[in-house]
Amino acid sequence: MKLKFAQTAASAAILAGIGMAGQAQAADLTLCWAAWDPANALVELSKDFEKESGHNMSFEFVPWPNFADRMLNELNSGGQLCDLLIGDSQWIGGAAENGQYVKLNDFFEQEGISMDDFIPATVAGYSEWPKGTPNYWALPAFGDVVGWTYRKDWFERPELRQEFQEKYGRELAVPKTLDELKDIAEFFQNREIDGKTVYGAAIYTERGSEGITMGVTNALYNYGFEYANPDKPYELEGFVNSAEAAKGLEFYKELYDCCTPPGSSDWYMSEDIDAYKSGQVALQMNFAFIWPGVNADPNVGGDKSGYFANPEGPGGHFAQLGGQGISVVANSANKDAALEYIKWFAQPEVQKRWWQLGGYSALKAVVEDPGFADSQPYAQTFLDSMAIVKDFWAEPAYASLLLAMQDHVHDYVIAGNGTAQEALDKLVEDWTEIFEDEGKL
Amino acid sequence: MTKTVVESLAEATPPRAASTIRGLSDRAIAWLFVGPTIALLLAINIFPLIWTIRLSFTNYRVNRPNADVSWVGLRNYERILNDPDIWMTMQATAHFLFWTIFFQVVIGFTLAWLINRKFKGNDLWTTLIVLPMMLSPAVVGNFWTFLYQPQIGLFNYLVAYVTGGSAASFSMISDVDLAPWAIVIVDTWMWTPFVMLICLAGLRSIPDSIYEAAECDRASAWRQFWTITIPMVLPFLMLAVLFRGIENFKMFDLVVQLTGGGPGSITELTSINLKREAFEKWRTGYSSAYAIILFVTVFGLASIYVKALNKVKER
């Protein structure tokens with residue numbers, strides 16, 4: 001009896017010990033990200049991590065227009081709000097150079113996480129700084145790219161197909177070039193469909209944060225715009241403001257002038273989604289993250305919508321990279337638990353479930369799975385788009401570079417001031433001054 | 001005899017404390033009371049001002065804690081004063097300031113003059129008129145973007161109804177020519193009641209006896225208006241102009257919600273521009289110089305204006 005009591009007491013003590021040890025290790029982790037659909041999917045996904053690890057997850061989601069302001073303020077002020085941050089790809093340079101993110105190379109090596117297992121464009125875009133070097137500051141978390149959504153049901157209407165064929169001498173189908181895209185947008189502009197006036201395309205025109213830059217680059221890249229001389233870094237003249245780049249900017253202005261809904265002078269992701277879902281536009285430019293939501297929408301989802309990659313232009317075939325990597329904030333008091341989260345998140349099974357919940361995994365094992373392309377109506381378009389991505393500057397001075405571009409492009413495209421060439425020339429002046437201030441020129 | 005509150009407090013004060021206070025001079029007691037306020041002012045107003053002046057001569061960037069900070073002399077000031085974009089924002093601010101104050105004074109005074117007359121429902125009308133200024137500027141900016149919406153906006157619908165045109169044919173916040181007026185309209189709608197209330201206070205402070213004396217002198221209503229009403233309300237009007245001028249010089253929230261400074265940079269007021277430089281481009285030294293220039297401008301103009309206001313009051 002005594003022995004039994006002793007055994008019971010010992011077992012209880014061990015269990016209590018384990019419990020207490022578990023409590024001591026359990027951390028309250030806060031993950032910061034933008035407030036959008038994928039964030040909700042991540043909350044769902046992270047419940048599994050909480051169950052497995054015993055850590056508690058909290059989330060701080062900030063709406064996109066304020067996301068950069070809020071998070072960069074947090075990093076710059078040395079705040080401890082976020083343990084994990086899914087930050088924008090362009091922040092990586094500043095965060096790395098200012099010691100705001102934890103460098104992950106040793107951790108990746110120790111845990112057997114290889115960057116070769118992820119889509120190369122996402123590694124270069126979300127993880128590396130300096131670019132092209134094996135220095136990693138984030139794990140690719142959410143692959144994203146600008147693409148197009150279109151009203152498949154309108155494209156299939158016989159009377160519209162016939163009219164389009166007569167007018168343009170070709171089928172009303174997914175555009176292969178930017179010019180074809182403009183023709184389609186023009187065709188739908190101010191058209192009466194089901195007793196309602198509809199418009200051609202909802203495109204990015206927002207001025208305050210990054211909107212119009214994320215939109216216009218899809219035209220600029222494909223007309224021949226380059227950020228700098230590929231052989232001489234930071235040499236901008238003749239690359240940013242080449243004649244081809246000016247034509248690309250003119251194209252975007254023409255698209256805005258001819259084929260967008262009235263009053264769409266300050267539209268970004270959410271405004272484009274609203275215009276599309278409310279049946280105002282035939283085409284919508286937006287990041288791929290919206291596709292699961294469009295597909296599930298009762299008004300425009302299912303067979304009513306189709307998806308296509310940014311069409312090519314006379315100077316190439318590219319699309320603006322979006323998406324983010326997940327980083328550990330250097331100021332975090334819970335770095336070990338945060339790294340534990342990244343280790344868990346990198347697992348193929350977790351990445352697979354991430355894709356199922358609506359998150360765009362960047363893991364090759366997921367996207368190269370034979371069933372991936374058919375797993376969702378937009379999966380193939382995602383793959384096609386990720387194969388042609390190009391990203392904005394990720395320099396520490398990216399914010400200044402971005403705002404200069406926002407100002408000059410908006411001033412030309414929306415306000416109609418000056419010429420495309422003048423806008424790009426001014427952009428070169430501003431960017432040169434910024435790089436001079438940075439000591440890069 | 002009943003004791004006053006002061007006497008009761010004096011009696012309740014412990015003898016040692018009382019003698020300590022009795023030992024202080026009036027000047028020392030005055031400093032004792034004013035001291036905390038001065039300390040607070042120094043900490044949250046004067047020190048940051050001096051710090052900002054210092055930063056304005058450097059190339060400091062708050063987002064680059066590891067970078068070297070160097071002294072750049074007057075370079076930031078030179079750059080700002082020679083930057084055509086900054087002068088554009090100054091122009092936009094001047095346009096906004098002039099027209100908002102003009103409309104608010106004219107409409108505000110007219111409304112006050114009408115409300116000052118006794119009529120049925122006077123109180124109800126006063127309450128309705130002052131409602132806009134009780135709303136948050138962010139809310140006002142947000143719902144006016146809907147009112148200005150070309151396809152569903154009430155404003156466009158009303159204009160189209162009156163002119164017989166199409167509501168979707170114009171966009172107040174997307175058009176370079178209309179956007180500066182779009183922000184003037186909303187600010188006027190929101191803040192005219194404030195000017196009205198100040199004018200109303202002025203109108204109600206005029207003794208009836210002055211008008212009665214003018215009546216006895218057979219002064220016409222027009223003459224009474226110009227020789228009694230306007231001069232006596234003028235100090236109040238000037239005060240309203242001062243308040244609105246200072247407020248609108250630093251206007252931010254309403255315009256950001258409405259236009260975000262666009263299209264192009266046509267409605268980018270100085271405060272919006274300054275915020276972008278300081279907290280989006282993170283050019284701390286440069287934006288400190290910018291802030292100092294704005295501070296000196298507003299402080300200088302306000303000082304001149306207050307002197308003028310005092311002269312009018314003395315008259």
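Let me start with a definition: a residue is buried under 20% relative accessible area, exposed over 50%, and partly exposed in between, using a 1.4 Å probe and protein chains only. B:C216 has 66% relative accessibility, so B:C216 counts as exposed. B:C199 has a relative accessible area of 0%, so B:C199 is buried.

Now the ground rules. This is a predicted model: local features need pLDDT of at least 70, side-chain atom pairs count only at pLDDT 80 or more, and totals for chains, interfaces and linings use all residues. Residues are numbered from 1 along each chain as its sequence is written, chains are lettered from A and ligands numbered from 1 in the order in which they are written, and side-chain values use heavy atoms, with hydrogens and water left out.

Disulfides next. The criterion is a pair of cysteine sulfur atoms within 2.5 Å. Over all chains, the structure holds 2 of them. In chain A the pattern is 1-2, 3-4, counting bonded cysteines along the chain.

One joins A:C32 to A:C82, with 2.0 Å from S to S. The link is left-handed, with -95° about the S-S bond. What does this link tie together? A:C32 is in strand β1 (residues 28-34) of chain A, and A:C82 is in the loop between α3 (64-76) and β3 (84-88), so parts 50 residues apart in sequence are tied together. On the labels: helices (H or I, at least four residues) and strands (E, at least two) are DSSP runs, numbered from the N terminus. Both A:C32 and A:C82 are buried.

Another disulfide is formed by A:C258 and A:C259, sulfur atoms 1.9 Å apart. The torsion about its S-S bond is about -85°, so this disulfide is left-handed. Buried or exposed, at 0% relative accessibility for A:C259? A:C259 counts as buried. A:C258, at 23%, counts as partly exposed.

On to aromatics. A pair of rings is described by the distance of the centres and the angle of the planes. Here, rings of Phe, Tyr and Trp (its six-membered ring) pair if their centres lie within 6.5 Å; planes under 30 degrees apart count as stacked, over 60 as edge-to-face, and the rest as tilted. The structure holds 75 such pairs over all chains. One of them is A:F49 with A:W344: centres 5.4 Å apart, planes at 50°, so the pair is tilted. The pair links distant parts of the chain, 295 residues apart: A:F49 sits in helix α2 (residues 37-53), A:W344 in helix α14 (residues 335-345), both of chain A. Both residues are buried.

Charges over rings. The test is NZ of Lys or CZ of Arg within 6 Å of the ring centre and within 35 degrees of the ring normal. In chain A, the charged end of A:R191 sits over the ring of A:F187, 4.0 Å from its centre. In chain B, B:R283 has its charged end over the ring of B:Y286, 4.0 Å from the centre.

Between chain A and chain B the count is 8 salt bridges. For contacts (heavy atoms within 4.5 Å), 30 residues of chain A meet 31 residues of chain B.

Technical notes
Salt bridge = Lys/Arg side-chain N within 4 Å of Asp/Glu carboxyl O.
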